[in-house]
Amino acid sequence: MRVFLAALLCVLAAPTWADVPPSPPVLTVLVLGSGGPRISKRASVGNLVLVAGQARLLVDAGPGTFVRAGESGQSLSALDTVLLTHLHVDHSAELPAFVKTRALDGQGLVRMRVLGPSGNSIFPSTEAFVDGLFGPHGLYRYLRNFGAEMRVSGEDIPAKLGDGPHTVQLPGGVSVTGQAIHHGETPAVAFRIAVGGKSVVFAGDIDPSGLASLAQLAKGADLLVVSCAVLDPPNSPAGLYQLHSPPKRLGETASAAGVKALLLTHLPPAVEVEEPAVLASVRTSFSGPVTFASDGLRLEVGTSP
């Protein structure tokens with residue numbers, strides 16, 4: 001009888017399938033900022049990429065993104081890699097804030113890698129940019145020994161159209177591939193992040209001459225995240241079309257790349273109020289799911305938005 005009761009108690013105490021928490025998604029995009037560069041209620045551009053539930057990568061860090069990260073409640077204790085699509089203020093200004101929080105949150109020696117475009121006569125390379133901020137003689141050199149011992153390294157991705165892709169491997173089976181696109185005179189790159197059979201591509205700002213390179217990098221990706229900062233011609237100032245691609249061209253690129261879903265971000269007020277027209281324009285060539293980004297939006301990569 002005692003044996004029977006002991007066995008019954010073991011069965012009753014055993015966890016059921018309902019008690020087992022679900023595994024976190026392999027790859028998740030958390031939008032920190034969806035606006036910029038002009039002042040608006042949105043934070044400027046930035047996204048956290050979660051791998052198995054942990055925030056591992058930050059893609060761009062525009063003004064307001066640090067506050068949005070705090071509002072999300074997402075821990076940054078595993079953040080080890082930053083990807084900068086280009087070095088405009090609205091994509092990079094809050095990098096020091098994220099470095100500081102890792103210094104305060106870490107223990108022992110904390111290392112962060114910052115990947116971004118090589119430079120030209122107007123813009124520094126990413127390596128020089130990072131060293132100028134966090135190096136031994138940098139503006140924020142105090143962060144090297146503020147809380148944890150902090151070391152931040154910059155790595156250049158070749159940023160001239162025609163340069164081949166550059167791939168780095170991160171811990172946990174995460175692959176990051178950077179490739180040159182084009183944003184006027186500003187060196188710019190797009191990034192493809194892949195892990196566990198899922199992939200997401202971040203393009204940042206891109207003018208039409210860089211779209212073929214983006215389509216090549218984004219081939220078959222589960223999600224393409226790209227700036228949609230202008231309306232179709234002639235509804236935005238003419239000069240902006242030398243720096244940004246209109247919605248119709250973005251839809252054509254997504255279709256040519258065969259991506260499964262599209263996330264439009266970097267939305268100025270003029271685009272925000274015309275979302276139905278923007279969607280209709282994208283729809284002329286791309287039939288997959290299209291989402292307009294908003295601050296705080298979470299998308300599980302590889303599932304329907």
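One cavity of 30 Å³ or more is found in this predicted model; a cavity here is a set of points on a 1 Å grid over the protein atoms alone where a 1.4 Å probe fits but cannot get out. Residues are numbered from 1 along each chain as its sequence is written, and side-chain values use heavy atoms, leaving out hydrogens and water.

**Around the cavity**
- Lining residues, those with an atom within 4 Å of a point, include Val 45, Asp 60, Phe 202 and Thr 265.
- Strands S3 (54-61) and S12 (223-227) each give at least two lining residues, and S12 has the largest share with three; strands are DSSP runs of E, at least two residues, and helices runs of H or I, at least four, numbered from the N terminus.

**The whole chain**
- You can trace nine helices and 15 strands in the protein chain.
- The radius of gyration (over C-alpha atoms) is 21 Å, close to the 19 Å from the globule rule for 305 residues, so the chain is as compact as a globular protein of that length; the rule is 2.2 Å times the number of residues to the power 0.38.
- Buried residues (under 20% relative accessible area, 1.4 Å probe, protein chains only) make up 51% of the 305.

Methods:
Predicted model: local features only at pLDDT ≥ 70, side-chain atom pairs only at ≥ 80, totals over all residues. 1 Å grid on protein atoms, 1.4 Å probe; cavity = no way out; pocket = protein on both sides within 12 Å on 5 of 7 lines; lining within 4 Å. Points joined across faces, edges and corners; volume = space filled by probe spheres on them. Buried < 20%, exposed > 50% of the residue type's maximum accessible area, 1.4 Å probe, protein only.
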